[in-house]
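Welcome! Please keep the view open while you read.

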Amino acid sequence: MVMGLRLPAAARRTPLPGTDPGEAAAGASRVRSWALAVGLVVLTVLVVLLDVLTGEELPIIPLLVVLPALASVFCTVRQTVCVALWVTVVVAASLIGSAGAFWDVTFVIGFTAVASVLGVVACAARIRHAKEIARLRSAAVALQRQILRPLPVVTEQVRVHGIYEPIEEDRLVGGDIYEVVQTPYGTRVIIGDVQGKGLPAIGVGFAALGAFREAAIREAELTGVAGALEAAVSRHNQFSADTGDTERFVTALLLGFDGDDRALAVNCGHLPPRLLNGESVSKVALHRTSVPLGLAELSTEARAAEWLDFPRGAALLVFTDGVTEARDSGGSFYPLDERLAEWAGSDPRQVLDALQADLEKFSGGVRRDDVAALVLSRPQDTGRLRQMPEGDDPQRVTGALSDH
């Protein structure tokens, strides 16, 4: 810490009950009062000494007028007022006893007073604007947290760790979606990727998530959940068409867990998961992949479910194309399977931490798409509600196309 400087987020006063922490931090001082007082006295002494050395031909003391402006950037209104009063008094005291012309002295003192007042006004305006931004951001965070819940999530059947990095760093949510719901039929999970970016993509994603949260509990069949999502995305696209916006589709992978050694999957045009089982990593083959959500009218085949292996002690990695389509400076795609082979045997959190750091290093910090990845494993105390229905006669998937 230099000269008592500190970041606003590190404000040490405890906010009053009901006060937004971000708003409180926006109004907090970045400089300790004792550091401000010491610095102010030291600067004043230095300026006065320089003024004495240069003589009346080059007055230095009026330069103190910049201090209220600097204080308005880092200090509270009260601190800025103290600085403004101090500077005005020092400048006035130094000039009143000088041999300068009356109107020259009056002008300099008046200019100093006006500049000091402007510094206080600027400080108040800065803090008010910062608090407004903090309130807006707090509201945005609260709304976005209703879209995507924080991870990890633990249910009776699975423990879900994950990473989520929107392409726009000032947002918590992008075009990728995920959700984990405990239902009478076990735990149901969705991970998806909305076509496009920005607020319109978030709108489609929110529509899909809302439909999933309701249908996951209501529908006995996982294909029924997929049908409800298809209807929700289609309705949203119809509304978008009516309002002149672009229609979008959503690639999604739906998974169902009932505590057994396998999981049920409905793949709507999404990337296949990876099975992490001890020291082996395998690409799960999903043979019944259908079109993305919102494009069902382009296909004559109904969505189907299939089983995939989920052995005891294993984990499933599901992700969006922001992972596999990340590129390095030479334009090469991220070698996910090669990297996973290096991390085989690590626990889910370590795999995700390694993946996140490696993606950042591989791409040089340049994001071209949202990144979402979930690792699903069993909790230590595995519960079971009741057997998941097998309504669509799903076929079992061995889940090992490529071992590393």
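## Exercise 1: Valine 180 and its surroundings

Leaving aside neighbours within four places in sequence, valine 180 is in contact (heavy atoms within 4.5 Å) with Arg149, Val153, Thr155, Val160, Thr187, Arg188 and Val189. Before going on, note that this is a predicted model, in which local features need pLDDT of at least 70, side-chain atom pairs count only at pLDDT 80 or more, and totals for chains, interfaces and linings use all residues. Residues are numbered from 1 along each chain as its sequence is written, and side-chain values use heavy atoms, with hydrogens and water left out.

Task: find the element that holds valine 180, and decide whether valine 180 is buried or exposed.

Solution. 
- Step 1. Valine 180 sits in strand 3, residues 176–183. Helices (H or I, at least four residues) and strands (E, at least two) are DSSP runs, numbered from the N terminus.
- Step 2. The relative accessible area of valine 180 is 2%, so valine 180 is buried. Buried means under 20% relative accessible area, exposed over 50%, and partly exposed in between (1.4 Å probe, protein chains only).
- Step 3. Arginine 213 is 33 residues away along the chain, yet its C-alpha atom is separated from that of valine 180 by 8.4 Å.

## Exercise 2: Following the salt bridges

Task: work out which parts of the chain are tied together by the pair arginine 149 and glutamate 179, then look at two further pairs.

Solution. 
- Step 1. Start with the total: the structure holds eleven salt bridges. A salt bridge is a side-chain nitrogen of Lys or Arg within 4 Å of a carboxyl oxygen of Asp or Glu.
- Step 2. One of them joins the side chains of arginine 149 and glutamate 179, at 2.8 Å from N to O. Arginine 149 lies in the loop between helix 5 (102–147) and strand 1 (153–154), and glutamate 179 lies in strand 3, so this pair ties together parts that are 30 residues apart in sequence.
- Step 3. Compare the two partners: arginine 149 is partly exposed, with a relative accessible area of 33%, while glutamate 179 is buried, at 2%.
- Step 4. Another salt bridge brings together the side chains of arginine 274 and aspartate 337 (2.6 Å, N to O). This pair links distant parts of the chain, with arginine 274 in strand 7 (residues 274–277) and aspartate 337 in helix 9 (residues 336–342), 63 residues apart. Arginine 274 counts as buried because its relative accessibility is 6%.
- Step 5. In a further salt bridge, the closest N and O atoms of arginine 339 and aspartate 358 are 2.5 Å apart. Arginine 339 belongs to helix 9 and aspartate 358 to helix 10 (residues 348–363), so the pair ties together parts 19 residues apart in sequence. Both ends are buried: arginine 339 has 18% relative accessibility and aspartate 358 has 15%.
- Step 6. Finally, salt bridges that share partners join Arg149, Glu179 and Arg213 into one network.

## Exercise 3: A strand residue and a helix

Task: describe the setting of aspartate 193, then check the span of helix 7.

Solution. 
- Step 1. Aspartate 193 is part of strand 4 (residues 186–194). Its relative accessibility is 9%, so aspartate 193 counts as buried.
- Step 2. Not counting residues up to four places away in sequence, aspartate 193 touches several residues, including Asp176, His270, Asp321 and Asp369.
- Step 3. Helix 7 (residues 222–242) has 21 residues and reaches 31 Å from its first C-alpha to its last, close to the 30 Å expected at 1.5 Å a residue. The expected span is 1.5 Å times one less than the number of residues.
- Step 4. Among the buried residues of helix 7 are Leu222, Val225, Leu229 and Val233. Glycine 244 follows helix 7 and has a positive phi, near 85°.

## Exercise 4: The whole chain

Task: how many helices and strands are there in the protein chain, and what is its mean pLDDT?

Solution. 
- Step 1. The protein chain has ten helices and twelve strands.
- Step 2. Of its 404 residues, 45% count as buried.
- Step 3. The mean pLDDT (the predictor's confidence in each residue, from 0 to 100) is 81, and 80% of the residues reach 70 or more.
- Step 4. Over residues 1–19, pLDDT stays under 50. The pLDDT is also below 50 over residues 381–404.
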